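Please read the sequence and the model below side by side.

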Amino acid sequence: MSKEHDPGMTVIVKTVTRLTVGLILLYGIYIILHGHLTPGGGFAGGVIIALAFINLDLAFGGSVSARIFSKASTGVVEALGAVMFLTLALLGMKYGGFFDNFLYNDGNPGQLVSAGIIPLENIAISLKVGAGLFGIFLTLIILQKFESEKK
Amino acid sequence: MIELYVLLGLMIAGAVIAIEVKNLLSAVVAVGIIGLALSIIFLLLKAPDVALTQIVVEIVAVILLIRATLHREIAQKSYGTRPFGAFMGILFLGLAVVAAIVTFNDLSPFGAPLMTISEFYPLNAVTGTGAINVVSSIILDYRAYDTLGEATVLFTAVIGVLAVMRSPGKKNEEDLQENHE
Amino acid sequence: MNAYMPYILCMILFSIGIYAILSKRNIIKIILGVVIAEYAVNLMLVLVAYKVGGRSAIFSETQVILPESMVDPLPHALVLTSIVIGLATTAFLIALAIRLYGKYGTFDITRMRELRG
């Protein structure tokens, strides 16, 4: 890959991205896992994780994150999140009703492992939201590259 | 609450700039200003969950809008307004604002919400679900059906984007895409 | 009158968004109008939930927080889902706009109507 055709931004942006993208991912995971204790939750955490991958794509030019996370696998991960969410909801039917909090047993509110199925639901929601938004982003980028090749 | 009025004024100024400025990139950046001011307002109104979600969603929205508009040089101009639509818009939105001001007198005033239904949630969230974040306990336990519907809408939107952005069914372009992938 | 002033400013913001949808010819400006109106609706719901001197709706392990002192958490939960839905619909609108640009070569909606056929 020659210097002129090097996609993406300058070396400053690339270096800073390389340093910070792991921290952004870690922050997203923290937000998801502490969704029942602190502000945040599955929605915000999922979008933050999607932003980490978007950051890679914007800094290094379209094809970098496709090596880690292709467009097909975003669909798989999103479906996985949806299936996990619905499975948790349906398992509640056995104990009392749809979305019944069947793992909850009055224990230690405020700890990381508490609140029954709410942390698991947060993880499912974050998979769904993050993979969905990243899939949208990849789709827009792939089509753009495609158009510029046609010209 | 003077800072609330300052931020609301900033949002209105940003909205006017966003829809009246000629350059589309400036318009998108002005929408970014609106979203960030909105996030600070959510913090002032004691809604940290909503503020966190708003700020990250705003960033994604601005990135998508810029990637959609920036690289097309032809598109970097505003085409002006439709006079009939502008006239009718001003007329009926003026009426709507007057009607809304009359209607707001029936709401509970700002800063004193009616909590006849929702006082249940802070009273029972910790003993009922174990989550000390009441908003989290609402969206994932008491009103999880809302979240399920939200997941469905998000899924539909992703499917819609994938279907719309699919390459058109010409022979050459299909071959090109297969080689590309 | 002062007690309803934030609601009225919020309504004005909503009107600006709807005005952009009604009057603009550029399809990107219309999308921006949708986004602004959506922000105004979210803001309205959270404004209704605010209580003077209230705390955010999170309990603490170490200090005692009375449930009566909290702001209304129900609109926050509704807005939280509404924001993500708004982003998804915005992305869908952007995809439609890109597709229309590829077909007609312009973002002008009046030209699109003329070029039909």
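This is a predicted model: local features need pLDDT of at least 70, side-chain atom pairs count only at pLDDT 80 or more; totals for chains, interfaces and linings use all residues.

Residues are numbered from 1 along each chain as its sequence is written, while chains are lettered from A and ligands numbered from 1 in the order in which they are written.

Chain A contains five helices and zero strands, where helices (H or I, at least four residues) and strands (E, at least two) are DSSP runs numbered from the N terminus. Its pattern along the sequence is accordingly written α-α-α-α-α. Of the 151 residues in chain A, 42% are buried; a residue is buried if 20 or more other C-beta atoms lie within 10 Å of its own, exposed if 12 or fewer, and partly exposed in between, with C-beta atoms placed from the backbone. Two residues are in contact if their C-beta atoms, placed from the backbone, lie within 7 Å. Among the contacts in chain A between residues at least 6 apart in sequence, 70% join residues at least 24 apart.

Within chain A, helix 2 (residues 42-60) has 19 residues and reaches 27 Å from its first C-alpha to its last, close to the 27 Å expected at 1.5 Å a residue. The expected span is 1.5 Å times one less than the number of residues in the helix. Helix 2 of chain A is largely enclosed by the rest of the structure, because 18 of its 19 residues are buried. G61(A) follows this helix and has a positive phi, near 85°. T10(A), by contrast, lies in the segment before helix 1 (11-33) of chain A. T10(A) counts as exposed because it has 9 C-beta neighbours inside 10 Å. The C-alpha atoms of T10(A) and F137(A) are 21 Å apart, and 127 residues separate the two along the chain.

Chain B has eight helices and zero strands, giving the pattern α-α-α-α-α-α-α-α along the sequence. Buried residues account for 39% of its 181 residues. For chain B, 37% of the contacts between residues at least 6 apart in sequence join residues at least 24 apart.

One backbone feature of chain B deserves attention. Most residues other than glycine have a negative phi. K46(B), although not a glycine, has a positive phi of about 65°. K46(B) is placed in the loop between helix 2 (24-44) and helix 3 (48-69) of chain B. With 23 other C-beta atoms within 10 Å, K46(B) is buried.

Further along chain B, helix 6 (residues 134-142) and helix 7 (residues 144-164) pack at an angle of about 75°, with their axes 5 Å apart. Axes are lines fitted to C-alpha atoms, for helices over the stretch in contact, and angles run from 0 to 180 degrees between N-to-C directions. Helix 6 and helix 7 of chain B are therefore roughly perpendicular to each other; angles under 35 degrees count as roughly parallel, over 145 as roughly antiparallel, 65 to 115 as roughly perpendicular and the rest as oblique. I139(B), L140(B) and D141(B) of helix 6 of chain B make the contact with A144(B), D146(B) and T147(B) of helix 7 of chain B. These residues divide into three nonpolar, one polar and two charged. Here Ala, Val, Leu, Ile, Met, Phe, Trp, Tyr, Cys and Pro count as nonpolar, Asp, Glu, Lys and Arg as charged, and the others, Gly among them, as polar.

In chain C, helix 1 is mostly covered, with 14 of its 19 residues buried.

The contact between chain C and chain B takes 71 residues from chain C and 79 residues from chain B. Helix 1 (5-23), helix 2 and helix 3 (73-104) of chain C each supply at least two residues of the side that touches chain B, and helix 3 of chain C gives the most, with 23 residues. That side of chain C divides into 51 nonpolar, 12 polar and eight charged residues.

The axes of helix 1 (residues 2-20) of chain B and helix 2 (residues 27-49) of chain C come within 9 Å and cross at roughly 165°. That makes helix 1 of chain B roughly antiparallel to helix 2 of chain C. A15(B), A18(B) and I19(B) in the former helix meet K29(C), L32(C), G33(C) and I36(C) in the latter.
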